[in-house]
Every structure is written in structure tokens, then in C-alpha cells.
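Please look through the structure shown here while reading the paragraphs that follow.

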Amino acid sequence: MESDDDYYEDDIDPDDYDDGHNFDNEDVEVDEGYLGESSVDARISSYNPDLGDDDPYPYECLSADKVVGLMNEIIREVNDIVNIPSTTLRILLAHFNWDKELLLEKYYEYEGNQERIFAEAHVISPLKSKSLARRKSGRSIEQACEICCNNYSSSFMTGLDCGHSFCKGCWSQYLCTKIIDEGMSQTISCPEFECDIIVDDAVVMNLITDQKVCRKYQHLITNSFVMCNPLLKWCPAPDCHHVIKVEYRDKRPVKCECGREFCFDCGESWHDPVLCMHLRKWLKKCDDDSETSHWISANTKECPKCQVTIEKDGGCNHMVCRNQACKHEFCWVCLGPWDPHGASWYNCNRYNAEEAKKARDLQESSREMLQRYLFYCNRYMNHLQSLKFEHKLYARIKRKMEEMQQLNMSWIEVQFLKRAVDVLCQCRQTLMYTYVFAFFLKRNNQSIIFEGNQADVEKATELLSEYLERDVTTASLGEIKQKVQDKYRYCDSRRNVLLRHVHEGYDKDWWEYIETS
Amino acid sequence: MAGLPRRITKETQRLLSEPVQGISATPDENNLRYFHVTINGPKDSPFEGGVFKLELFLPEEYPMAAPKVRFNTKIYHPNIDKIGRICLDILKDKWSPALQVRTVLLSIQALLSAPNPDDPLANDVADNWKRNEAAAIKTAREWTQKYAMSGGQ
């Protein structure tokens with residue numbers, strides 16, 4: 001513990017740091033913590049300017065309607081240059097994953113042979129289609145719809161520029177099936193067998209009368225637009241239909257209007273200090289049936305010959321593999337072949353035999369990995385659980401704040417309590433992810449400093465948590481304010497120290513990672 | 001016939017009045033969406049001489065969704081599995097409402113003439129087909145004789 005305090009005193013002027021910190025808190029107390037968060041970031045980078053992210057991270061939160069507007073804007077922009085019908089253009093853009101530069105590049109690369117670009121995108125070239133349309137409108141006889149086999153006047157028959165026409169009833173049913181049952185939007189093709197001409201949005205909106213289907217279609221279109229665009233991301237909160245738009249892609253926290261804060265790069269909750277890559281691995285590990293596989297690797301052994309998994313169910317160490325094709329005889333204790341053991345197996349003197357040692361080492365390391373995983377997982381889960389409980393604390397604190405306002409404190413004066421719970425939650429979240437970070441970390445001098453910082457944050461957080469949960473209801477008002485502010489400021493400062501240290505490590509390549517299976 | 005779409009009625013009539021050569025399809029008397037089908041093994045294929053029984057069902061969504069077809073006669077074929085399910089693109093993603101029962105059955109007949117071991121449903125059969133075509137064809141012929149000829153099951 002001593003050593004890490006020294007480390008920081010050498011590097012930063014603690015007074016300087018604390019002043020800035022206090023100022024920040026006064027400033028953002030009413031701002032629900034978000035501004036606090038971004039100013040933390042700013043401070044991290046100003047401390048270490050060569051980190052390169054000292055600029056704020058600009059982003060916008062868009063409603064689904066605004067996303068549609070954005071999409072139309074792109075269509076208009078391209079249309080100003082190439083001048084083709086916007087329905088066709090939308091299909092072309094979708095074909096190029098909404099990369100308008102790529103579209104324009106190809107469009108001019110195929111200069112003179114632009115048919116090819118339309119064919120690749122499965123649309124009829126707008127130049128050619130006019131003649132087809134005219135030919136169609138010339139007819140006025142009764143026609144049979146090939147799908148339902150009924151006869152209709154040609155006004156009830158319709159189709160795309162490919163010339164295949166079907167009755168409007170069948171069209172509408174066909175589109176509903178594709179949209180609702182198959183979740184298709186921009187890849188729905190003409191119903192004719194082996195015709196790959198794509199149905200444009202104007203046709204779809206014309207033929208579908210059911211509002212529910214229309215909404216679903218529009219949602220699917222918007223969704224594919226968002227998915228194609230690397231600068232857009234749906235808010236991952238359930239039932240939230242907002243999109244975050246950034247100016248450049250980065251591993252940075254963004255906060256949706258609905259309140260969900262997430263990492264723009266990977267879409268998970270904001271997970272500083274652990275990297276997206278490690279978080280992904282970690283979550284996969286937790287999701288997989290890892291408990292089972294770990295139990296198997298820790299409590300069973302593999303037959304040294306055929307590798308079948310064996311659980312010992314009796315006392316005798318003379319194992320005979322039940323695999324009928326193997327029947328290998330070996331010693332459970334040393335995993336060496338049984339033969340040399342003779343009758344005196346309990347003195348298992350083959351302990352150091354090369355083969356047996358290898359098998360044993362493998363076993364050991366898998367047990368050790370399990371212990372290691374359980375250690376970190378336990379602590380991660382513990383903070384996750386606590387974080388969930390803190391929502392109850394918000395309710396309790398809210399009541400306390402109302403109570404205090406009745407005792408002549410102003411609204412602004414009691415906001416420190418909410419801020420304290422905000423800090424508590426931030427610390428828990430950070431702590432949670434430090435265990436994921438630590439799980440992948442190889443031990444070195446810096447990792448020891450990190451562990452010291454982690455212990456500090458953890459201790460401070462538990463003290464704050466305890467105070468907010470218990471004493472806050474009994475102590476006198478003046479005392480509460482002083483103590484709560486001291487505690488949460490200390491927490492916040494320790495959290496910042498920890499984060500800065502990890503960030504600096506990323507920057508200076510201090511961290512070494514273990515290989516995980 | 002109440003409630004049966006005109007399209008199904010018309011298709012059924014045409015299947016009965018102008019049957020395709022080597023294929024018969026008769027609707028079940030209790031369920032007009034269920035057809036008893038037989039396909040004769042195509043000439044010059046290991047299935048020649050065999051009469052294969054299939055069942056075909058037109059689901060509620062037909063023709064927006066493909067018919068469901070299954071072989072009831074055992075057959076040694078890389079695209080047909082042990083319980084008679086068929087791997088054929090037009091029965092899945094390539095289905096179009098402009099296709100008909102007739103075209104589906106023709107495609108199945110064509111599949112018997114030209115097995116496609118590169119897109120297998122029955123892996124063991126496809127492996128054999130690729131490794132030793134002559135032996136696979138021999139087995140297919142034996143199965144045809146055993147299961148698809150008169151008296152066979």
C-alpha cells in the first residue's frame with residue numbers, strides 16, 4: 001500500500017488534483033452525473049496529453065424519425081449528382097451499404113456501362129424501364145393472376161419494371177409474408193420464380209394497407225440503414241428506439257436520452273477500464289456453460305490413452321478405461337500406466353515419470369484456472385448484484401431528500417445525497433470491470449500497483465455504501481452533509497486515480513495479458 | 001371444397017386432367033390440401049423402375065409459403081435423408097408464389113436424375129457418392145429394388 005501512495009505522490013501534485021476535482025463536483029451536482037463523467041475523461045487526458053483523446057467526444061441522440069430524415073438527406077445529396085429516381089437510388093445505396101462515395105465511384109467507373117451497376121444491385125435501369133412501363137399501360141384486357149389464378153382487369157394488376165405482373169391482393173399478401181414472417185425489407189424481390197429484381201419502397205408503401213406492416217417495414221429499413229452505417233448505433237436499452245450518431249468511431253461512452261450509457265464501440269455498458277475485447281471474452285466465458293465445463297475439468301480426469309472423460313466413482317486407484325476400444329489400465333493418482341505399479345500402488349513410486357507428470361500438470365493448471373476464474377467472477381458478480389440493490393437506495397435517498405427539504409434546506413442543497421449515490425454506482429461499476437481487467441492481467445509491478453488502487457477504491461466504496469445505507473437516517477443534518485461529501489469525494493478521487501493509472505498503462509504498454517482458452 | 005382457394009382447386013384439376021409423365025398426384029378425400037404422390041424413377045438413373053411414394057401438403061400460407069413434401073419410400077440419395085426430407089432450394093429460400101405443385105414435383109423428379117452430393121442432407125450417403133460413385137449407385141439401385149418395386153415396402 002505504501003508503495004502505491006508513493007507512486008502517485010511522485011507523479012501528481014495531489015493538491016492540484018483535489019482542487020480541480022472539488023470544483024467539478026460543485027459544478028455538476030445538478031447535472032445527473034453525465035457531465036461529471038465526461039469531465040473525468042477530459043481530466044484523464046489533460047493529465048496525459050499524448051493519450052490523444054483530450055477532446056470531448058461529440059455525439060447526437062436521434063429519434064427514429066430523424067434517422068429517416070438523415071437517410072433521405074443522403075438520397076437527396078446523391079441525387080443531386082447522378083439524377084436517378086429516388087426509389088432506385090435507395091436500392092442502389094442499400095446495395096452499397098449506404099456508402100455514397102463507393103456508389104459514386106462505381107457509378108463513374110462504369111461510365112457508359114451503367115447497366116452493370118443496376119444489374120448488380122438487382123434493379124432495372126431507369127433509362128430502360130420507361131419503355132416497359134409504357135408498353136404495360138397500353139394493355140386493357142382481363143388478365144389471370146399467376147398466383148391466385150383469378151381474372152382481373154389490368155388496372156388491378158401491377159408489377160415492377162421487370163414486367164412480371166400479379167394482382168394487387170397477391171402482391172400485398174406476398175409483401176406481408178416477406179416483411180412480417182421473414183423480416184425482409186430491402187432485399188424483397190419480384191414474386192416471379194428466379195426474378196431477382198428488388199421491390200422498391202414506393203411500391204411497398206403503395207401496396208400495403210395494413211399500418212402495422214408499414215411500420216414494421218419502415219423499422220426494418222431504418223434498422224438496415226443504422227446497421228450499415230459505422231457512425232450510427234442503436235441504443236441497446238430494451239424498447240428504446242433512439243440512435244446515437246457520432247462524428248468518428250471510438251471506444252468512448254455515449255449516453256442515450258433514455259439514460260442508458262454505453263460504449264459506442266462495442267455497445268455494452270460503459271466498461272472503463274477494461275478493453276472491449278476483454279469484456280467480450282469475459283461475457284462469453286460467463287455465458288458459456290463454463291461452470292459445467294470447469295467442474296468437468298477440475299473433478300474428472302481424462303484417460304491418458306484415449307482422452308475419454310472419467311469420473312472416479314470408487315476407491316480403487318487401479319483404473320480400467322471403460323471405453324471398449326481402449327481398455328487402458330492406469331493409475332488415478334499419477335496417471336501413469338498401471339503395469340509398473342504392481343500390487344503396491346499406494347506407494348505410487350512412479351510419481352515423476354515423464355508421461356504421468358505431463359498429464360498431472362494439465363490437470364493442475366485446469367484446476368488453477370477454475371480457482372482463478374471463480375475468484376474474479378465472484379467479485380464481479382458481487383458488485384453487479386450490489387449495483388442492482390443501489391436502485392433501492394435511490395428511492396430511500398429520495399425520501400431523505402424530501403424530508404430534509406421540509407427542514408428548511410433548499411432543493412439544491414440536498415442534491416449532494418443524490419450525487420453520492422451516483423458516485424457509489426459509478427464506483428461499483430468501475431470496480432466490477434476492474435475484476436474483468438484483472439482476470440486477463442499478468443502479474444507485474446504495475447499490476448501490483450493496480451491491485452493496490454483497486455483495494456483503495458473498494459474500501460472507500462464500501463464505507464460510502466455503508467454510511468448511505470445505515471447512518472444517513474440517524475445522524476444530524478449538518479453532520480450528514482459533511483460526512484457524505486467527504487466520503488463520496490474520496491471515492492471519486494480514488495476511482496479517478498485507478499482509471500488514470502490503467503489508461504496510462506494502455507498508453508505505455510505496461511499491461512501484459514494471460515492466454516485464456 | 002368450401003374455403004379452398006381457387007388457386008388450389010385449379011391446380012388440382014389440372015394435375016388430374018393433364019398429369020405430368022411419370023408423376024401422379026391425388027388429393028386425399030378427407031383433406032384437399034394433402035396429396036398422395038408417386039414419382040417414377042427417371043430413366044438412366046439408379047432409381048429407374050422404382051415407384052416412389054411421397055406426401056405433399058399445402059400449408060395455410062400456400063402459395064406464399066412452399067408446399068411441404070416428404071418421401072414415404074426409402075431411397076438412397078444424397079439430398080434425401082433417412083426420414084424422407086428433401087434438400088431442394090425451391091422448397092426453401094428459392095420458393096416463389098409463382099411456382100406450383102407441378103413444378104415442385106418436376107424438380108424432385110429432376111433431383112432423382114441428378115443427385116447433388118455437394119449440397120447434402122444425408123451426409124453419409126453424400127460421402128459415399130463422392131468417394132465411390134459406382135458403389136453408391138449400386139447401393140441406390142439395390143434400395144430401389146428392395147423398397148420401390150412391386151412388393152417392396
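In this predicted model, the side chains of E504(A) and K508(A) meet in a salt bridge, with 2.7 Å from N to O. Side chains of opposite charge can pair when their charged atoms come close. E504(A) has a relative accessibility of 6%, so it counts as buried, because buried means under 20%. K508(A) has 43% and therefore counts as partly exposed.

The segment after α17 of chain A holds D509(A). The phi angle of D509(A) is near 55°, which is a positive value in a residue other than glycine. Is D509(A) buried or exposed? Its relative accessibility is 66%, so D509(A) counts as exposed.

E142(B) is partly exposed, at a relative accessible area of 42%. K138(B) has 53% and is therefore exposed. Salt bridges can also share partners: in this way R249(A), K251(A) and D265(A) are joined into one network.

How many salt bridges does the structure hold? Over all chains there are 21. One of them is formed by the side chains of R90(A) and D201(A), at 3.1 Å from N to O. This pair links distant parts of the chain, since R90(A) is in helix α5 of chain A and D201(A) is in helix α10 of chain A (residues 201–207), 111 residues apart. R90(A) and D201(A) are both buried.

The next stop is the loop of chain A between α5 (86–95) and α6 (100–109), where D99(A) is found. Together with E101(A), E105(A) and E109(A), D99(A) forms a patch of negative charge on the surface. How exposed is D99(A)? With a relative accessibility of 33%, D99(A) counts as partly exposed. That value matters for the patch, because a residue needs over 30% relative accessible area and no salt bridge to be part of one.

Now turn to the layout of chain B. It has 4 helices and 4 strands. In what order do the elements of chain B run? From the N terminus on, the order is α-β-β-β-β-α-α-α. Of the 153 residues in chain B, 48% are buried.

Helix α1 of chain B, residues 6–17, contains E11(B). The relative accessibility of E11(B) is 7%, so it counts as buried. What does the side chain of E11(B) reach? It comes to 2.8 Å from the backbone nitrogen of V101(B).

The loop between β2 (34–40) and β3 of chain B is the place of D44(B). Phi of D44(B) is near 65°, again a positive value in a residue other than glycine. D44(B) has a relative accessibility of 70%, which means that it counts as exposed.

The last topic is the cis peptide bond. In chain B, the peptide bond from Y62(B) to P63(B) is cis, with omega near 10°. P63(B) lies in the loop between β3 (51–57) and β4 (68–71) of chain B. Chain A has a cis peptide bond as well, joining D272(A) and P273(A), with omega about 10°. Where is P273(A) found? It is in the loop between β9 (261–263) and α12 (276–287) of chain A.

Methods. Residues numbered from 1 in each chain as written. Chains lettered and ligands numbered in written order. Predicted model: local features only at pLDDT ≥ 70, side-chain atom pairs only at ≥ 80, totals over all residues. Heavy atoms only, no water. Patch = residues over 30% accessible without salt bridge, like charges linked within 9 Å, V, L, I, M, F, W, Y side chains within 5 Å. Areas by Shrake-Rupley, 256 points an atom, 1.4 Å probe, with all protein chains shown as cover. Salt bridge = Lys/Arg side-chain N within 4 Å of Asp/Glu carboxyl O. Lys, Arg positive; Asp, Glu negative; His and termini not counted. Charge placed at Lys NZ, Arg CZ, Asp CG, Glu CD. Helix = DSSP H or I, 4+ residues; strand = E, 2+ residues; numbered from the N terminus. Buried < 20%, exposed > 50% of the residue type's maximum accessible area, 1.4 Å probe, protein only. Polar contact = N/O pair within 3.5 Å; in protein donor to acceptor, adjacent residues only side chain to side chain.
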